[in-house]
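Please read the following briefing alongside the sequence and the coordinates. It moves from a pocket to an annotated site, and then to the helices and the chain as a whole.

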Amino acid sequence: MGMITDWPSLAACQNGDPDALFVQGAEQNVAKRICRSCPVRYECLADALDNRIEFGVWGGMTERERRALLRRHPQVASWRKMFEAAMKKNAKDRSGKDKILVTTAG
């Protein structure tokens, strides 16, 4: 399972007020809640990180949180590719664990 290219059409914030994601202070926590259950949260975050979007809450992170992440990981050339690799590894790890559980349970 890879990342979705046309992620904006599936975003949890798609039908909401776009200005609600471009707030400051404590209101950012309210905006971040919208992202918690979003099916394309990582696609959104990768897009914001790869394009160095400076304003708003994207993928559950504020601009300050994204800047800090970018500073901590300057070697990442493509966040999208990094997230895709992590998702594949996670899926592979889960499928391996499932096989072990099925094998030992039988």
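How much space lies in the largest pocket? About 230 Å³ lies there, where the volume is the space filled by probe spheres set on grid points that are joined across faces, edges and corners. This is a predicted model, in which local features need pLDDT of at least 70 and side-chain atom pairs count only at pLDDT 80 or more, whereas totals for chains, interfaces and linings use all residues. Residues are numbered from 1 along each chain as its sequence is written, and side-chain values use heavy atoms, with hydrogens and water left out.

**The largest pocket**

- A pocket is defined on a 1 Å grid over the protein atoms alone, as an open set of points where a 1.4 Å probe fits, with protein on both sides within 12 Å along at least five of seven lines; lining residues have an atom within 4 Å of a point.
- The largest pocket is lined by 19 residues, of which Cys13, Leu21, Cys44, Val57 and Trp58 are the closest to its centre.
- Helices H1 and H2 each contribute at least two residues to this lining, helices being DSSP runs (H or I, at least four residues; strands are E, at least two) numbered from the N terminus.

**The annotated cysteines**

- The UniProt annotation "binding site", from an unreviewed entry, covers Cys13, Cys35, Cys38 and Cys44; UniProt positions are given in the numbering used here, feature names are shortened, and annotations may be inferred rather than shown by experiment.
- Although these residues are spread over 32 residues of sequence, they cluster in space, with a largest C-alpha distance of 10.8 Å.
- Cys13, Cys35, Cys38 and Cys44 are included in the lining of the largest pocket.
- Cys13 lies in the segment before helix H1 (27-36) and is partly exposed at a relative accessible area of 30%, where buried means under 20%, exposed over 50% and partly exposed in between (1.4 Å probe, protein chains only).
- Leaving aside neighbours within four places in sequence, Cys13 is in contact (heavy atoms within 4.5 Å) with Leu21 and Ile34.
- Cys38, in the loop between H1 and helix H2 (41-50), is buried, with a relative accessible area of 14%.
- Not counting residues up to four places away in sequence, Cys38 touches Ala11 and Ala12.

**Helix H1**

- Gln28, Ala31, Lys32 and Cys35 are the buried residues of H1.
- Seen down the axis of H1, these buried residues fall within an arc of 100°, so they line one face of the helix; the arc is that of the directions from the helix axis to the C-beta atoms.
- An α-helix has 3.6 residues a turn, so residues three or four places apart point the same way.
- The buried residues of H1 pack against H2 and helix H3 (63-72), while the face turned away from the buried side carries the exposed residues Glu27 and Arg36.

**Backbone at Arg52**

- Arg52, found in the loop between H2 and H3, has a positive phi of about 50° although it is not a glycine.
- Most residues other than glycine have a negative phi.
- With 45% relative accessibility, Arg52 counts as partly exposed.

**The chain as a whole**

- The protein chain has four helices and zero strands, following the pattern α-α-α-α along the sequence.
- Of its 106 residues, 30% count as buried.
- Among contacts in the protein chain with a separation of 6 or more, 54% come from residues 24 or more positions apart.
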